Amino acid sequence: DGELVLLPAPSGNGKSTLTGAFVAAGWDYLGDEATGVRPGSLEGVGYPKRLAIGSDSRVALNLPESDSGDLDPAEINPGVNRLDGDVGPVNRVVLPTYLEGAEPSLQRLEPHEAVVELLANTLNLARAGQASLDAVCQLATSVPVDGLVHGDAHLAVAQVAAQLV
């Protein structure tokens, strides 16, 4: 519905599993591992490669076992729309933290907290320089940035979707 949600977090916090759960719920697929954000417009830039899904993620998403470490999003939802290139402005940033068995809980971050968290999860900051720093600061002050504690990807997706209504 025109909502662009980014999920930056360190490895092991369920980003790929959450992305798979979003795809299963009918969301479009922008990418896994990296998404660009243009300073000024906050335009999201998609790089839709295969999802990096491990065996635990396959179980969480009710997918068959496989020796492959990656997955085409169409294997989760055959009707998925893959977005590529400039796709529209970022509407929300959700910083997931996986905690086994936890009920999903969203908490809004203050801009200064959001900057710290976003900087910790930004690729190419040194290479992109001031433009990258500007985009991070603009995200932190212009769009909602929420911390998400979750233990079930499908419940977490429902919680995030409910906040967008």
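Predicted model: local features only at pLDDT ≥ 70, side-chain atom pairs only at ≥ 80, totals over all residues.

Trainee: How do helix H1 and helix H6 cross, and at what angle?

Mentor: Start with the axes and the angle between them. Helix H1 (residues 15-24) and helix H6 (residues 153-164) have axes that come within 9 Å and cross at roughly 65 degrees. Angles of 65 to 115 degrees count as roughly perpendicular, so H1 is roughly perpendicular to H6. The crossing of H1 past H6 is right-handed.

Trainee: Which residues of H1 and H6 meet?

Mentor: On the H1 side they are Thr17, Leu18, Ala21, Phe22 and Ala24, and these meet Ala153, His154, Ala156, Val157 and Val160 in H6. By type, the residues of this contact of H1 with H6 are eight nonpolar, two polar and no charged.

Trainee: What is the angle between H3 and H5?

Mentor: Helix H3 (residues 111-120) packs on helix H5 (residues 130-142) at about 140 degrees, and their axes are 8 Å apart. Roughly antiparallel needs an angle over 145 degrees, so H3 is classed as oblique to H5. From H3, the contact uses Pro111, Ala114, Val115, Leu118 and Leu119; from H5, it uses Leu133, Val136, Cys137, Leu139, Ala140 and Thr141. The residues of the contact of H3 with H5 comprise 10 nonpolar, one polar and no charged. H3 also passes H5 in a right-handed crossing.

Trainee: In the open sheet of three strands, what is the strand order?

Mentor: Read across the sheet, strand by strand. The order is E2-E3-E6, and the pairing is antiparallel. Strand E2 (36-37) and strand E6 (85-89) are at the edges with a single partner strand each, so one side of each has no neighbour in the sheet. E2 runs antiparallel to strand E3 (residues 43-46), and two bridges join them. Val37 is opposite Gly44 in E3.

Trainee: Where is Glu33 found, and is Glu33 buried or exposed?

Mentor: For such a residue, check the angle, the place in the chain and the accessibility. Glu33 is not a glycine, yet has a positive phi of about 90 degrees. Glu33 sits in the loop between H1 and E2. Its relative accessible area is 53%, and over 50% counts as exposed, so Glu33 is exposed.

Trainee: What is the phi of Asn62?

Mentor: Asn62, also not a glycine, has a positive phi of about 60 degrees. Asn62 is in the loop between helix H2 (55-60) and strand E5 (70-71). With 66% relative accessibility, Asn62 is exposed.

Definitions and conventions
Residues numbered from 1 in each chain as written. Heavy atoms only, no water. Axes fitted to C-alpha atoms, helices over the stretch in contact; angles between N-to-C directions. Helix = DSSP H or I, 4+ residues; strand = E, 2+ residues; numbered from the N terminus. Parallel < 35°, antiparallel > 145°, perpendicular 65-115°, else oblique. Left-handed = near helix turned anticlockwise from the far one by under 90°. Contact = heavy atoms within 4.5 Å. Nonpolar A, V, L, I, M, F, W, Y, C, P; charged D, E, K, R; others polar. Pairing = 2+ DSSP bridges. Buried < 20%, exposed > 50% of the residue type's maximum accessible area, 1.4 Å probe, protein only.
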